[in-house]
Amino acid sequence: MQPEPPQRFKYLQYGIDGISAKVLSENLKQLEADGLIKRTVYDEMPIRDEYSFTDLGEQMRPIIQTMADWGQVYIAQRT
């Protein structure tokens with residue numbers, strides 16, 4: 001599995017249907033505290049930040065992908 005490129009906050013928000021900025025921010029902070037993602041802040045105007053997996057997060061990607069795949073099948077079966 002290729003490493004995921006860093007993602008900006010708005011890109012992540014657009015990719016998760018129905019998530020608010022507040023909820024996404026809270027979850028990203030928790031994932032960072034848990035050591036699964038890294039936040040890089042660039043000293044630019046406007047401020048730019050990017051999120052990427054840490055080594056631990058990269059190790060968990062196959063598990064997360066499997067769970068996401070299962071969720072998609074589950075949703076499709078319920079509709």
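Reader: What percentage of the residues in the protein chain is buried?

Author: The model is a predicted one. Of the 79 residues in the protein chain, 19% are buried. The C-alpha atoms fill a box of roughly 45 × 25 × 20 Å along the principal axes. Among contacts between residues at least 6 apart in sequence, 33% join residues at least 24 apart.

Reader: In which order do the elements of the protein chain run from the N terminus?

Author: The protein chain has 3 helices and 3 strands, and from the N terminus on the elements follow the pattern β-α-α-β-β-α.

Reader: How is the sheet to be read, and in what order do its strands lie?

Author: Strands of a sheet pair through backbone hydrogen bonds, either parallel or antiparallel. Here 3 strands form an open sheet in the order 1-3-2, with antiparallel pairing. Strand 1 (7-8) and strand 2 (37-42) are the edge strands, each pairing on one side only.

Reader: How many bridges join strand 2 to strand 3, and how many pair strand 1 with strand 3?

Author: Strands 2 and 3 run antiparallel and are joined by 6 bridges; Thr 40, for instance, has Glu 50 in strand 3 as its bridge partner. A hairpin of 5 residues leads from strand 2 to strand 3. Strand 1 pairs with strand 3 (residues 48-53) over 2 bridges, also in the antiparallel sense, and Gln 7 stands opposite Tyr 51 of strand 3.

Reader: Which residues make up the largest nonpolar core?

Author: In soluble globular proteins, nonpolar side chains tend to be buried together. In this model the largest nonpolar core has 5 residues in all: Phe 9, Leu 24, Leu 28, Ile 37 and Tyr 51. Leaving aside residues up to four places away in sequence, Phe 9 touches Ala 21, Leu 24, Ser 25, Leu 28, Asp 49 and Tyr 51.

Reader: Where is Leu 28 placed, and why does it count as buried?

Author: Leu 28 belongs to helix 2. Its relative accessible area is 7%, and Leu 28 therefore counts as buried, the cut-off being under 20%. With residues up to four places away in sequence again left out, Leu 28 touches Phe 9, Leu 12, Ile 37 and Tyr 51. Leu 28 and Lys 38 are 10 residues apart in sequence, and their C-alpha atoms are 9.1 Å apart in space.

Reader: Is Gln 13 buried or exposed?

Author: Gln 13, which lies in helix 1, is buried because its relative accessible area is 14%, and the limit is under 20%. Its contacts, not counting residues up to four places away in sequence, are Ile 19, Ser 20, Ala 21 and Leu 24.

Reader: Which elements supply the lining of the largest pocket, and how do its residues divide?

Author: Helix 1 (9-15), helix 2 (21-33), strand 3 and helix 3 (55-78) each supply at least two residues of that lining. The lining residues divide into 16 nonpolar, 5 polar and 2 charged.

How values were computed
Residues are numbered from 1 along each chain as its sequence is written. This is a predicted model: local features need pLDDT of at least 70, side-chain atom pairs count only at pLDDT 80 or more; totals for chains, interfaces and linings use all residues. Side-chain values use heavy atoms; hydrogens and water are left out. Two strands pair if DSSP finds at least two bridges between them. Helices (H or I, at least four residues) and strands (E, at least two) are DSSP runs, numbered from the N terminus. Ala, Val, Leu, Ile, Met, Phe, Trp, Tyr, Cys and Pro count as nonpolar, Asp, Glu, Lys and Arg as charged, and the others, Gly among them, as polar. A nonpolar core is a set of buried Ala, Val, Leu, Ile, Met, Phe, Trp, Tyr and Cys residues joined through side-chain atoms within 4.5 Å. Buried means under 20% relative accessible area, exposed over 50%, partly exposed in between (1.4 Å probe, protein chains only). Contact means heavy atoms within 4.5 Å.
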